[in-house]
Amino acid sequence: MIDTIYFEEQVEEHSRTLRLFQRFPKATRVPCSHYKEIFNPSGQNFRVQKKQPALILAKNSGKLVHPVPATYGIGGTQNFYFSHMLNCLYDCRYCFLQGMYPSAHYLLFVNYEDFFEEIKKAVSQKPNEPCWFFSGYDCDSLALESLTGFAKSALSFFEDHPHAFLELRTKSVATQLLEKKLPLPNVITAFSFTPQEISDSIENGVPSVSARLSVMKKLAKKGWSLGIRLDPIIDCTDFEKRYESLITEIFQEIPASSIHSVSLGPFRLPEPFFKKMEKLYPAEALFAGSLEKRGRSISYRKAVESQRIETCQNLLLQHLPPNKLFFCQPVED
Amino acid sequence: MNFITAFHAEALPLIEKFQLSKRTEASPFPVFSNDRHNVVISGMGRAQASLATQYLFTEVINIPEPIINLGIAGHGELAIGTPFIANRVLHLDEKAVYYPPPVLKLDIANSGLQTCDIPETKYSHPIGYDMEAHGFCSAAYRSITREFVQSIKFVSDNPTSPLVSFSPNLASKIIGTHIELIEEIANQLKNIFQELQLDPKIYKMIKELKSTYHFTFTQDYQLEKLLRHAYSLGMHPNDVTHILNQSSTGKIFLSVLSQKLEALRTLP
């Protein structure tokens, strides 16, 4: 799975580095002074690297916890995100990571404890307000859990900090960790979906909708709170029929009482990201859709976008109360 | 494929295998070519390698293409004759360290490679030692994405058999032994490169259209974008040709093509 491991010399003896060396004994190990030497240079091709990403092990010494834009969130007033890892196992054509990062290598920051220290600090600034922490912005929170063990560490931390809330966001079915553990009231696992036909065409490597629903069902039975993320909403032929079928299937399988929140977000990309992605995949039909530049983003034309969001909203409100439905609006709007 | 070697002896197996001919035009570096391959012989040292690489990209080929730095090297660990791919290229006087991305699927050694200004005889670390790769990478990275810049070296000396003097015969022999590997590497890089390119038919069509109609700078951009979209959205080339035949000007062609594409823009 991993043929090459780059590692910062400063983390060469870190226990997580050593464990990963053991896990991939045949991988070529390449030392570096700083991960930026490998990850950051321009003139790399994300698409080529995505075929066989290397693993980069590093220490993140910068700011580790960042505020989330005000137009995002699932009900909390204090919202932050953090990224113990950059890049994802899956290859979704709409994913902004392709436009944002010069490299497709998996960059794992092994200093998990430093993340938890910063989370603690953020919580202590407003101790009476629930603080939400989102872990799946720059990677899938669970897809590479067998490699990183991050979620395991995070669950232990959040178990001891009940006023801090964690969202694990995923498209994976690697939920064994959660299945084995008693549910934590301050942790929700949010699964992202597009209709199966869309997933088949633009979400490479992602488990089927039914496989994801199957693990969600198990988690619901165990008592875990779940999230549904229809973000980005992708315009397509038979849009209403496909999204209706998806939403119906979700709510047939998952009891509404297990669902903490559902969020809807339109397809949108900052223009420079879009341009880069279009260049990487010049024959991709998604990028030749009915798109327009709005503010600094590329999105579906406003009328199409509003109509699609409204359709999903109406479909969802047949199954859940309005206070569980959230909208991720692009900042420019 | 494009190759940079330091010496003629290193280029010789390529010249023979690919039946390359020496270019006759005046050139600061000897260049051997056929319709698919180019070899530029840089001379010894990183400055020469850098200049030869720049020369190849600016004077020998018209568009950026993959490039390989091929040659013999010392190594602190590997046996004589062993081929290896450089995964880290450094020079002790330079801040920049290069990491050629691992894109080749080959069962051969990977190794760090230190470029030196004088031949290395101490072999202090279990890595390779050459005199060109750093200069080669620094120049090539300015012209093409890093995945398509690779250094392939063949061990000519090591601690048990240290370098005495450069032996052209030995260099040719070591590299010649692995000529099939070199061909495989060239093919892999070429295939990866071609996967990224848009269907050549589109470029052909763009060229034809530009010779038929006058397009302004903006229309030129629109033309390329619309034809790319026509391809992405599955419009049959005959439909594009039909629109072309019905259009009396380039402007009309763009307008009709744009209208026809609207119906296809929703993801199936």
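A residue counts as buried if 20 or more other C-beta atoms lie within 10 Å of its own. The model shown in these views is predicted.

**View 1. Helix 1 of chain B is mostly covered.** This helix spans residues 8–17. Of its 10 residues, 7 are buried. They are A9(B), E10(B), A11(B), L12(B), P13(B), L14(B) and I15(B).

**View 2. The buried residues of helix 1 of chain B pack against strands and helices of chain B.** The strands are strand 1 (2–5), strand 3 (31–33), strand 4 (38–41) and strand 5 (67–75). The helices are helix 4 (168–177) and helix 5. Just after helix 1 of chain B comes Q19(B), with a positive phi of about 50 degrees.

**View 3. Chain B is assigned two domains, domain 1 and domain 2.** Domain 1 of chain B covers 2–196. Domain 2 of chain B covers 200–262. Their C-alpha centres lie 42 Å apart.

**View 4. Chain B touches chain A.** Here 24 residues of chain B are in contact with 26 residues of chain A. Which elements of chain B give two or more residues to the side that touches chain A? They are strand 6 (83–90), helix 5 (179–196) and helix 7 (217–232). Helix 7 of chain B gives the most, with 4 residues. By class, the side of chain B that touches chain A has 13 nonpolar residues. Another 6 are polar, and 5 are charged.

Key: Residues numbered from 1 in each chain as written. Chains lettered and ligands numbered in written order. Predicted model: local features only at pLDDT ≥ 70, side-chain atom pairs only at ≥ 80, totals over all residues. Domains from an automatic or database assignment. Contact = placed C-beta atoms within 7 Å. Nonpolar A, V, L, I, M, F, W, Y, C, P; charged D, E, K, R; others polar. Buried ≥ 20, exposed ≤ 12 C-beta atoms within 10 Å, placed from the backbone.
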